[in-house]
Amino acid sequence: MRIRIIPVLAAAAAPAALAGVLLGTAGQASAAVAQSPAAAVLTASVQKTYTGKVSQTGVPDTTFGGNAGPATEYSDYGPVWASDDITRNITVTPAGQDLWTVTFVENGTYNAFADPNTGLAWSNTGNMHGTVSYTVASHSAPITANLPASLPGMVDPSGNQVVPSAKSDLTGLTVQGHGYIIGLLFSGNANWQGVTGGPWSYHYTGIQDVQGVYKQV
């Protein structure tokens, strides 16, 4: 089953060619190009791949507003039908001048208290798997040391965890999802600029022919 990703953070980021080093000119194809030590370090930094992993419990999963029903929860992100416990494997690679591709590969379980198609009461637990990529504009590289091993999926204004459950109101609460994690990665650059969403695909076991279900981030 595929679900739709709706980024909390959205900003335009124009694509750019990968940074490279000029290796020669016409008539000098065999000439070597000398690099200063600083340039060599910069090139190595641009080519580096960064990885991290964050586990989360109580991540709210939402469906379209038209699928809301008596068993879904109200939230600022849409009607919530399940609480997810997931591990996010994160890879960050250079995508051009001051651009980075951030890819999440996620595995875990969903704990449903409502049917995502009808909004009626439905209890089920099953496996979930998904991938999604974003392009981030940032002058500086990500700092994976900023990522904690685990995070709550949703918190109240005081920072206390709130786990979604049936018949509750989640408005005004903060989801610590993709946008939050990207903010941690690039917090070393106070001027990092927003996120553009890319390819995504999510699948849930035990839910057949679900239309319009998407993973809220």
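Note on aromatic pairs, core and confidence

1. The count of aromatic pairs comes to six. One of them joins Phe104 and Tyr134, edge-to-face, with 6.1 Å from centre to centre and 85 degrees between the planes. Phe104 belongs to strand 3 and Tyr134 to strand 4, so this pair ties together parts that lie 30 residues apart in sequence. Phe104 and Tyr134 are both buried. The model is a predicted one, and these values are computed from it.

2. A second pair to look at is Tyr110 with Tyr204. The ring centres are 5.4 Å apart and the planes stand at 70 degrees, so this pair is edge-to-face. Tyr110 is in strand 3 and Tyr204 in strand 8, which places the partners 94 residues apart and links distant parts of the chain. Tyr110 has a relative accessibility of 0% and counts as buried because the cut-off is under 20%. Tyr204, at a relative accessible area of 5%, is buried too.

3. Aromatic residues also group into a cluster: Tyr50, Trp100 and Phe186 form one.

4. On the nonpolar core: the largest one has 36 residues. Trp81, Ile90, Val92, Val102, Phe104, Ile182 and Phe186 have the most contacts inside this core. Two or more residues each come from strand 1 (50-63), strand 2 (80-96), strand 3 (99-114), strand 4 (121-137), helix 2 (178-185) and strand 8 (193-204). Strand 3 gives the most, with seven residues. As background, nonpolar side chains in soluble globular proteins tend to be buried together.

5. What does Val102 touch, leaving aside residues up to four places away in sequence? The list is Ile90, Thr91, Val92, Val132, Ser133, Tyr134, Val136, Ile182, Leu185 and Phe186. Among these, Ile90, Val92, Ile182 and Phe186 are also named with Val102 as residues with the most contacts inside the core.

6. Strand 3 and strand 4 deserve a look as a unit. They pair in the antiparallel sense over 15 bridges. Within this pairing, Val105 stands opposite Thr131 of strand 4. The two strands form a hairpin with six residues between them, and Gly119 in the turn has a positive phi of about 80 degrees. The Phe104 and Tyr134 pair of point 1 also joins strand 3 to strand 4.

7. For the chain as a whole, there are two helices and nine strands. Along the sequence the pattern reads α-β-β-β-β-β-β-β-α-β-β. The chain has 217 residues, of which 38% count as buried. Taking contacts between residues at least 6 apart in sequence, 76% join residues at least 24 apart. The accessible surface is about 10,700 Å², and 55% of that belongs to carbon and sulfur atoms.

8. On confidence, the chain averages a pLDDT of 76, and 71% of the residues score at least 70. In residues 1-46 the pLDDT is below 50, although this stretch has 69 contacts in the model beyond near neighbours in sequence. Residues 212-217 also have a pLDDT below 50, with 46 contacts beyond near neighbours in sequence. Where pLDDT is low, the predicted coordinates should not be read in detail.

Definitions and conventions
Residues numbered from 1 in each chain as written. Heavy atoms only, no water. Core = buried A, V, L, I, M, F, W, Y, C linked by side-chain atoms within 4.5 Å. Buried < 20%, exposed > 50% of the residue type's maximum accessible area, 1.4 Å probe, protein only. Helix = DSSP H or I, 4+ residues; strand = E, 2+ residues; numbered from the N terminus. Contact = heavy atoms within 4.5 Å. Phe/Tyr/Trp six-rings, centres within 6.5 Å; stacked < 30°, edge-to-face > 60°. Areas by Shrake-Rupley, 256 points an atom, 1.4 Å probe, with all protein chains shown as cover. pLDDT = per-residue confidence, 0-100. Pairing = 2+ DSSP bridges.
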